[in-house]
Amino acid sequence: MMYYRRFGRTELPMPVFSCGGMRYQHQWQDTSFDQIPEANQKEVEASIYRALELGINHIETARAYGTSEMQLGKVLPKIPRERLIVQTKVCSNSDPLKFKQNFDQSLAYLQLDHVDLFGIHGINNPESFQDTIKPGGCLAVAKQLKAEGKVRFIGFSSHAATDLIIQAIETNEFDYVNLHWYYINQNNWSAIEAATRHDMGVFIISPSNKGGQLYQPPEKLLNLCSPLSPMVFNDLFCLSHPQVHTLSIGASKATDFDEHLKTIPLLDRWDEILPPIQKRLEQELVNCLGENWVKTWDIGLPNHKQTPNNINIPVILWLRNLAIAYDMIDYAKMRYNLLGSAGDWFPGKNAEGVENLDLSQCLVNSPHADQIPHLLAETHQLLKGETVLRLSKS
């Protein structure tokens with residue numbers, strides 16, 4: 001049986017798992033429907049009907065997800081509209097007319113007369129924030145669409161630094177937010193608290209992929225999370241916080257929901273199930289990295305804009321922690337090699353050439369200033385590889 005939570009001031013009964021539409025689409029570029037393989041479209045349909053069978057009636061997609069909207073548009077109109085909570089997102093744009101045209105394209109592809117949730121996609125930097133909130137900007141367009149009945153509620157998604165997410169939340173202009181937050185990266189908790197103060201819905205982006213590639217966990221992480229799988233542990237950790245309303249399952253096939261469903265019967269017992277697992281995970285960090293490092297590694301670190309060559313020191317050291325303590329080498333490599341190619345979505349650069357830089361000034365507030373340059377060089381050797389492009393760029 002599916003659990004539902006009130007999605008903030010929208011009052012929508014939101015399933016604790018959502019059907020994210022990024023991974024089952026055929027490709028990242030628009031194309032004509034006759035170019036989409038029949039097998040792929042059947043998988044999309046099977047995933048949607050399986051989701052609904054499970055009570056997962058929130059279908060989430062975006063204009064930037066290539067053929068996702070078009071493929072959903074062949075399925076969703078066949079389902080009674082009142083059974084669905086449909087969300088799409090359109091990237092912020094300096095040209096409000098272009099933003100409106102992109103929304104119109106979304107609605108046409110979805111073959112619906114309205115969406116329940118409309119997100120400004122990717123408020124990731126001050127420029128996109130200003131494009132959204134300026135007079136006559138994207139938010140004004142979204143409000144007009146709401147007045148016309150094409151949109152029921154307005155939200156935003158973000159990969160930005162926490163302070164910018166909070167700035168957007170504090171405008172009190174949005175009904176919900178899509179953001180990152182999971183066990184291995186809890187930096188955005190203060191943004192979730194801000195959203196709670198404003199009675200906004202909270203949707204967690206990609207908890208199983210960005211949250212650690214938990215569909216392919218290393219054996220060490222499997223053992224540490226036992227008797228749960230790392231995926232179920234992370235789901236239960238997130239949902240043990242009532243401020244979190246739904247987690248995205250980026251399904252690529254109908255069976256991708258199965259492991260997540262094991263979380264549902266545990267929700268009422270999270271307080272007895274989670275503590276021993278969390279204690280093991282925390283102790284393993286100490287065992288592998290030392291108690292002093294675990295407690296103080298992130299103190300006084302500069303952001304990438306304050307660092308020579310824009311090296312993202314906090315992210316690199318965080319990935320080193322995960323790789324060493326939990327054997328999350330593959331995940332750490334994937335994320336590390338995104339640095340330098342993902343823009344505001346994953347900012348800053350990796351530590352290539354760090355031995356030729358003087359970091360003393362930017363590390364003046366770190367208790368580990370003498371050690372960090374060596375650790376950055378060591379991490380580069382451990383994690384370096386081919387540059388990884390964002391999925392949407394590949």
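Helix α13 gives the most to the lining of the largest pocket, with 6 residues. Helices here are DSSP runs (H or I, at least four residues), strands are runs of E of at least two, and both are numbered from the N terminus. This is a predicted model, where local features need pLDDT of at least 70, side-chain atom pairs count only at pLDDT 80 or more, and totals for chains, interfaces and linings use all residues. Residues are numbered from 1 along each chain as its sequence is written, and side-chain values use heavy atoms, with hydrogens and water left out.

Start with the pocket. It holds about 1600 Å³ of space. Its lining has 47 residues, and the closest to the centre are Thr162, Asn185, Asn187, Pro314 and Val315. A lining residue has an atom within 4 Å of a pocket point. Among the helices that each supply at least two lining residues are α4 (126-133), α6 (162-169) and α13 (313-326).

Turn to α4. Ser128, Phe129, Asp131 and Thr132 are buried there, meaning under 20% relative accessible area (1.4 Å probe, protein chains only). They cover an arc of only 160° around the axis, so they sit on the same side of α4. The arc is that of the directions from the helix axis to the C-beta atoms. These buried residues pack against β6, α5 and α6, with contact meaning heavy atoms within 4.5 Å.

Now α3, residues 96-110. Its buried residues include Phe99, Phe103 and Leu107.

Conventions:
On a 1 Å grid over the protein atoms alone, a cavity is a set of points where a 1.4 Å probe fits but cannot get out, and a pocket is an open set with protein on both sides within 12 Å along at least five of seven lines; lining residues have an atom within 4 Å of a point. Grid points are joined across faces, edges and corners, and a volume is the space filled by probe spheres set on the points. Buried means under 20% relative accessible area, exposed over 50%, partly exposed in between (1.4 Å probe, protein chains only).
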